[in-house]
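Subject: Structure handover

Hi,

Here is the structure for you to look at. My notes follow below it.

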Amino acid sequence: MGLDYSYEIFMPPRNVARALTRLAELAPQGRETPPLPVTLPGGEQLIVPFTSKFKSEPVDCSAGGSLELDTSIVVGVDDAVREFFLRDSDRVDEQGRVSVGYIYLTVRFFPAWHPNFASLQFTAATSSMSRMFVQSASVRKVFTDLTATTGGVCCLLDTETDIFDICWLNGETFSGETVPGTRFSGFQDLVAAWCNTLSPGRDDPDGTHVAAIVH
């Protein structure tokens, strides 16, 4: 079996539309993929330049549940991107970026283990891409920037072990910090750190707090 490493971003559910809009801006230009209409919980509608399960039919998530997208995004070329991904046929744009895809995105709007936070999990399609996820500072920056600019509270790198790499937390970029780890003994402690930073009426409009997480 191959490697299925992933970046996972957590945010209040109300911020998912903002995240998907920003993700659409990271899609490579000139693709021939038909626009995909998506209806989010609450009835908000978006058009994204991706497919869902490799189809372009409208997706209705108004009742909650999850959304699956097949995404491609542009990332800056660094040594790891060059080693694990770049091929002679890949086009590098004028900003030194290359299109990476497919990256499989699963959006869980109200996960049972932390229903006050949505989860956006970006999974590498191949083992080579998984290794690039781990080693590329450019790829890591794409996901930490996406977290920071769209109201996320945390970004983790999952390498299919019991230890997760914390990439971004509560407005701060992290390096070398894990969960479980020296600062957070488990996910319950990590989620408590998210909750303490939310301000009622802003990112957490109901003022609700999550007490625990089961991962």
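Isoleucine 166 counts as buried, because its relative accessibility is 0%. Buried here means under 20% relative accessible area, exposed means over 50%, and partly exposed lies in between (1.4 Å probe, protein chains only). The residue sits in strand β9. Strands are DSSP runs of E with at least two residues, helices are runs of H or I with at least four, and both are numbered from the N terminus.

A word on the source. This is a predicted model, in which local features need pLDDT of at least 70 and side-chain atom pairs count only at pLDDT 80 or more, while totals for chains, interfaces and linings use all residues. Residues are numbered from 1 along each chain as its sequence is written, and side-chain values use heavy atoms, with hydrogens and water left out.

Back to isoleucine 166. Leaving aside residues up to four places away in sequence, isoleucine 166 touches Arg140, Cys155, Leu156, Phe174, Ser175, Glu177, Thr178, Val179, Phe184 and Leu190. Contact means heavy atoms within 4.5 Å. Alanine 80 is 86 residues from isoleucine 166 in sequence, and their C-alpha atoms are 20 Å apart.

Aspartate 165 is also in β9, which covers residues 164–169. Aspartate 165 has 19% relative accessibility, so it counts as buried. Its contacts, again without residues up to four places away, are Arg140, Cys155, Leu156, Leu157, Gly176, Glu177 and Thr178.

Next, the partner strand. β8 and β9 pair in the antiparallel sense over 4 bridges. Two strands pair if DSSP finds at least two bridges between them. Leucine 156 stands opposite isoleucine 166. The hairpin of β8 and β9 has 5 residues between the strands, and glutamate 160 there takes a positive phi near 60 degrees.

How many residues of β8 are buried? The count is 5 of the 5 in residues 154–158, so β8 is largely enclosed by the rest of the structure. Cys154, Leu156 and Asp158 are buried on one side, and Cys155 and Leu157 are buried on the other. β8 also pairs with strand β1 (residues 6–11), antiparallel, over 5 bridges. Phenylalanine 10 has cysteine 154 as its bridge partner in β8.

There is also an open sheet of 3 strands. Its order is β3-β2-β4, with mixed pairing. β3 (45–48) and β4 (59–60) are the edge strands, and each pairs on one side only. β2 (residues 36–39) pairs with β4 in the parallel sense over 2 bridges. Valine 38 faces valine 59 in β4.

Now the whole chain. The protein has 5 helices and 11 strands. Its radius of gyration is 17 Å, close to the 17 Å of the globule rule for 215 residues, so the protein is as compact as a globular protein of that length. The radius is taken over C-alpha atoms, and the rule is 2.2 Å times the number of residues to the power 0.38. The C-alpha trace spans about 50 × 40 × 35 Å along its principal axes.

Buried residues make up 48% of the 215. Among contacts with a separation of 6 or more, 57% join residues 24 or more positions apart. The accessible surface is about 10500 Å², and carbon and sulfur atoms hold 48% of it. That area comes from the Shrake-Rupley method with a 1.4 Å probe; for residues, only the protein chains shown count as cover.

Best wishes
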